[in-house]
Amino acid sequence: MRRTRVRFAPSPTGPLHIGGVRTALYNYLYAKQNGGDFIIRIEDTDSHRFVPGAEQYIIDSLRWCGIIPDEGVDSEGKVVEVPSERHPHAPYRQSQRRGIYRKYAEQLVNDGRAYYAFDTPEELEAARSAAEAKGRTFIYGHESRKTLRNSLTLSKEETARLLVERNDWTVRFKMPENSIVAMDDLIRGHIEVNSSTLDDKVLWKRADELPTYHLANIVDDHLMEITEVIRGEEWLPSLPLHYLLYQAFGWQDTMPRFAHLSLLLKPVGNGKLSKRDGDKMGFPVFPLRWVNPEGEVSRGYREDGYFPEAFVNMLAMLGWNPGTEQEIFSMDELIQAFSMDKVQKAGAKFNPDKAKWYNKEYLRMKSDAELAELFIPVLREHGVEADKDYIIRVVALIRERASFVKDFWDISSCLFTAPEEYNTKDVEKFWKQEIYSNAFKACGECRTGEELEEYIRSNELPMGKLMNCTRLVLTGAASGLGISDIMALIGHDEVMTRWEKALNTLSTD
RNA sequence: GCUGGGUUCGUAUAACGGUUAGUACUCAAGAUUCUCAAUCUUGCAAUAUGGGUUCGAUUCCCGUACCCAGUACCA
């Protein structure tokens with residue numbers, strides 16, 4: 001029985017979006033449930049698409065979520081680049097492993113499972129457009145390779161000559177003709193594909209001495225002793241190639257098991273979730289704020305005020321369910337409950353409302369003191385310094401009304417400062433001489449909300465009108481916190497100060 | 001186009017051949033309150049479609065429709 005080892009293998013071409021975070025999360029949950037290792041490997045074999053900062057962003061995002069790798073570029077907070085006893089599989093960045101792939105590519109050629117190809121990008125492009133003109137799709141496969149420039153069609157001498165003369169050749173996999181590839185997926189079950197529909201994928205590029213995804217992925221998964229590959233659905237079409245590669249290397253006995261996760265879809269309409277949707281519909285698609293090299297800013301869940309636990313919980317439930325009605329799970333509970341056969345096959349549309357609901361639930365699990373602590377920086381931003389005990393009392397009063405800590409300010413600013421302006425509609429409705437004169441008089445005579453209510457009742461005055469007028473004076477609007485609660489917190493003197501301000505500000509003729 | 005994957009209320013999902021098709025979010029109504037929110041109660045709302053198999057299909061098989069992915073010297 002092999003020790004469970006799974007990996008999350010992102011490409012540092014940009015920020016990790018929430019679909020990627022979910023893939024990492026499922027890998028992590030699976031690893032931890034089985035007492036195994038979670039590894040982060042950076043797949044940077046495409047030198048042209050490298051984006052500075054992306055790798056760090058990925059690591060920071062996972063860390064924020066509480067997903068800490070056992071091995072990988074960033075393990076236990078340290079960058080691991082040199083193999084050691086603890087990290088025999090290092091380095092974890094494919095660009096730093098470039099030396100190890102070539103011999104595997106050549107082994108395949110020697111075994112007749114791959115061949116050298118000398119077609120230039122221009123030649124391939126021409127072949128592609130020629131096929132397109134005839135309404136077909138060009139595939140570099142068992143048919144077309146017979147007419148193209150490669151070690152299968154060229155003489156041994158010619159091949160040897162081109163190999164040294166040119167530096168832009170590739171190694172291509174020699175896809176078998178008409179054989180059924182039978183595969184098993186942990187989520188999707190049995191799948192079969194005829195190899196004739198598949199093309200001869202490039203495995204290794206002489207130009208930059210680097211493998212493509214397919215070769216690097218298989219070689220590294222093998223070398224790193226990966227037992228399960230849990231990845232996005234976009235890889236399902238290349239699963240037959242990967243199966244065949246394991247066979248070609250003779251590694252089928254230790255071939256990992258595969259699980260292909262469905263994609264996260266946009267909330268409305270069709271298609272997968274994209275960066276644009278977030279901007280357009282007002283929710284983040286990234287865990288953390290991201291500023292791209294051009295200076296364009298994308299918001300993040302962290303900056304939008306989400307608790308990482310809520311974010312993780314929400315993501316876990318998108319495409320997986322525990323089979324019970326429990327919806328709130330800590331990371332430890334998720335590790336316990338997770339199971340691959342409860343993972344949904346179909347893509348899940350992302351639901352921003354539910355995400356918000358999750359955050360509200362987690363907010364409610366925090367103590368008043370914890371929330372007060374989180375609220376203090378928000379208050380400071382608004383130039384408010386207040387007594388800790390007072391803040392705790394405020395938080396206790398308003399916590400049920402908010403989904404995010406940052407909402408606290410809008411709800412409770414009236415408990416810290418007098419209103420700067422008064423809601424026009426409410427003024428129109430409640431700022432009438434017969435109302436405010438009575439309300440002002442009542443407030444002058446009463447110390448508490450209870451007294452005020454009793455006063456209004458016993459004098460047979462209109463309760464709603466006087467109360468709303470008072471709230472308008474105290475908070476700037478007729479709707480909001482209870483008068484009683486406001487009075488208890490700000491005190492009678494402040495109540496009268498605000499009356500004075502209102503009488504001075506609003507017209508009283 | 002071709003290849004592969006997918007399809008239960010608007011959304012996320014439950015029901016491993018037998019249920020009045022359940023739950024949560026959203027939405028609506030009512031209760032409550034000085035207002036708003038919260039809360040509680042109630043409600044609206046689904047098995048894509050056509051054929052099989054079966055005593056019985058959401059569930060198994062086949063077709064169709066629709067959606068998604070792949071079709072790069074990108075991952």
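The legends below describe close-up views of a predicted model. Residues are numbered from 1 along each chain as its sequence is written, while chains are lettered from A and ligands numbered from 1 in the order of writing. Because the model is predicted, local features need pLDDT of at least 70 and side-chain atom pairs count only at pLDDT 80 or more, whereas totals for chains, interfaces and linings use all residues.

View 1. Chain A has 19 helices and 17 strands, where helices (H or I, at least four residues) and strands (E, at least two) are DSSP runs numbered from the N terminus. The C-alpha trace of chain A spans about 110 × 55 × 40 Å along its principal axes. The domain assignment gives domain 1 (101–261) and domain 2 (424–505), with bounds that come from an automatic or database assignment, and the centres of the two domains, taken over C-alpha atoms, are separated by 77 Å.

**View 2. The surface near RNA strand B.** Around RNA strand B there are 63 residues, of which Ser11, Glu43, Ala346, Met467 and Gly482 come nearest; a residue counts as near if its C-beta atom, placed from the backbone, lies within 6 Å of the strand. Elements that give two or more residues to this surface include α4 (121–133), β9 (189–194), α11 (352–365) and α19 (483–505), while the largest share, five residues, comes from α18. By class the surface has 20 nonpolar, 23 polar and 20 charged residues, with Ala, Val, Leu, Ile, Met, Phe, Trp, Tyr, Cys and Pro counted as nonpolar, Asp, Glu, Lys and Arg as charged, and the others, Gly among them, as polar.

**View 3. The open sheet β6-β7-β10-β11.** Four strands form this open sheet in the order given, with antiparallel pairing, and β6 (114–117) and β11 (210–211) are the edge strands, each pairing on one side only. Two strands are taken to pair if DSSP finds at least two bridges between them. Four bridges join β6 to β7, with alanine 117 opposite threonine 170 in β7; three bridges join β7 to β10, with arginine 172 opposite valine 202 in β10; and two bridges join β10 to β11, with lysine 205 opposite leucine 210 in β11. Both faces of β7 (residues 170–173) are covered, since Thr170 and Arg172 on one side and Val171 and Phe173 on the other are all buried (20 or more other C-beta atoms within 10 Å of a residue's own; exposed means 12 or fewer, and partly exposed lies in between, with C-beta atoms placed from the backbone).

**View 4. The hairpin of β8 and β9.** Strands β8 and β9 form a hairpin with three residues between them, and six bridges join the two antiparallel strands. Alanine 182 stands opposite glutamate 192 in β9. Of the six residues of β8 (residues 180–185) the number buried is zero, so this strand lies largely in the open.

**View 5. Surroundings of tryptophan 251.** Tryptophan 251 is found in the loop between α7 (239–249) and β13 (257–261), and is partly exposed because 15 other C-beta atoms lie within 10 Å. Not counting residues up to four places away in sequence, tryptophan 251 touches His222 and Tyr246, contact meaning C-beta atoms, placed from the backbone, within 7 Å. Tryptophan 251 and histidine 222 are 29 residues apart in sequence and 7.8 Å apart in space, C-alpha to C-alpha.

Key
Contact = placed C-beta atoms within 7 Å.
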